[in-house]
Amino acid sequence: MSEKILKELGFDECVCELPSGFHASVTLVNAQSCQKVVKIISKSCLDEEAAALELQKDIIAYYDELKKINIPTPENDIRIIRNDRGYDLVIISPFCGFNLSETIKHGSEAESLEAASSILSVIGKFFTNRICEKSFELICGLDPKPDNFTRDQKGNVHYIDLMPPRCRKNGRALVEFPAPRSKKGYDLAYFRHFDARGIILVFRTQLCRLRPSLRPQILGLLYAFYEKTLGPECVEYFESFAGNIFNRADRSQRQKIIAEIKEDDMYLFRDIATQLSFENPDRCGKKWLEEIFHLTHFYDDVPAFENARKIKQMLKSV
């Protein structure tokens with residue numbers, strides 16, 4: 001983030017750059033007696049002021065929904081600033097600790113699993129707010145990547161991802177910004193952000209991505225969580241999930257499962273990849289695993305068909 005923009009926002013001292021997504025830059029700054037996080041979101045679709053104002057309004061609505069269901073998330077100041085091609089959105093919030101990804105990735109086994117468990121305690125709050133008692137669909141959505149959770153010096157865990165806002169507006173869930181280009185893309189985004197099963201699956205693949213060597217322990221931790229939180233229907237869903245079947249299948253069964261994966265089933269691709277990385281850490285190391293996550297990344301819609309074909313070749317070769 002440029003010093004010029006920070007000074008325009010009223011901050012003179014940059015402490016460090018923080019991890020960020022594809023369309024944002026995040027900076028830790030000193031502000032009087034405390035530290036704050038400045039997140040600048042740059043999107044080509046924010047070329048008109050009306051679009052920026054609408055997004056600002058939606059983020060505020062999402063924040064209000066999070067507070068209603070007691071999600072620990074820091075207060076924020078949302079601003080719109082002009083740039084050369086249009087507008088950027090700025091979210092300024094108090095610093096509430098570094099994200100928990102590094103603890104999960106580099107901590108001891110106990111520290112890693114404790115960090116994952118602390119995130120689940122927050123995710124569980126979302127799960128109490130479903131559209132009806134027997135549904136897996138949530139009123140307020142989230143992105144459960146460990147990057148989106150921090151822990152402060154008091155040990156409190158915070159959910160910090162307000163962009164894109166994942167609330168319901170005029171009877172329809174906001175899943176991405178901009179919205180996915182196809183119905184298939186919308187349905188996948190809805191499943192991974194507003195369906196409890198999809199949220200668990202996203203969290204599972206991200207945890208195993210960070211720490212593939214702890215995959216069995218991670219699966220055990222998640223099983224205990226969703227058995228208690230969501231009940232037998234969720235247990236049954238994951239028992240029949242092809243990723244779980246793959247774990248205990250022989251070689252010929254595994255080849256058949258891989259061959260039958262649909263090109264848009266990105267989380268099954270990822271789940272199988274993390275299982276193979278656990279079993280074959282030398283052959284399926286970080287670079288191999290990251291390539292599969294890159295090929296399955298959801299930008300503004302489902303990944304391209306040719307990506308699926310390449311991933312199948314990578315998986316089958318192992």
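## Cysteines

C140 is buried, at 1% relative accessible area (buried is under 20%, exposed over 50%, partly exposed in between; 1.4 Å probe, protein chains only). C167 is buried too, at 5%. The structure has zero disulfides, a disulfide being a pair of cysteine sulfur atoms within 2.5 Å. For C140, the nearest cysteine sulfur is that of C167, 6.7 Å away.

## Basis of the model

This is a predicted model: local features need pLDDT of at least 70, side-chain atom pairs count only at pLDDT 80 or more, and totals for chains, interfaces and linings use all residues. Residues are numbered from 1 along each chain as its sequence is written, and side-chain values use heavy atoms, with hydrogens and water left out.

## Two domains

The protein chain splits into domain 1 (1–94) and domain 2 (100–317), with bounds from an automatic or database domain assignment. Their centres, taken over C-alpha atoms, lie 26 Å apart. Domain 1 puts 23 residues into the contact and domain 2 puts in 24 (contact: heavy atoms within 4.5 Å).

About 2,000 Å² is buried between domain 1 and domain 2. That is the accessible area (1.4 Å probe) that two parts lose on being put together, summed over both. Carbon and sulfur atoms give 73% of this area. On the domain 1 side, Y62, I69 and P72 lose the most area to domain 2, together 31% of what that side buries.
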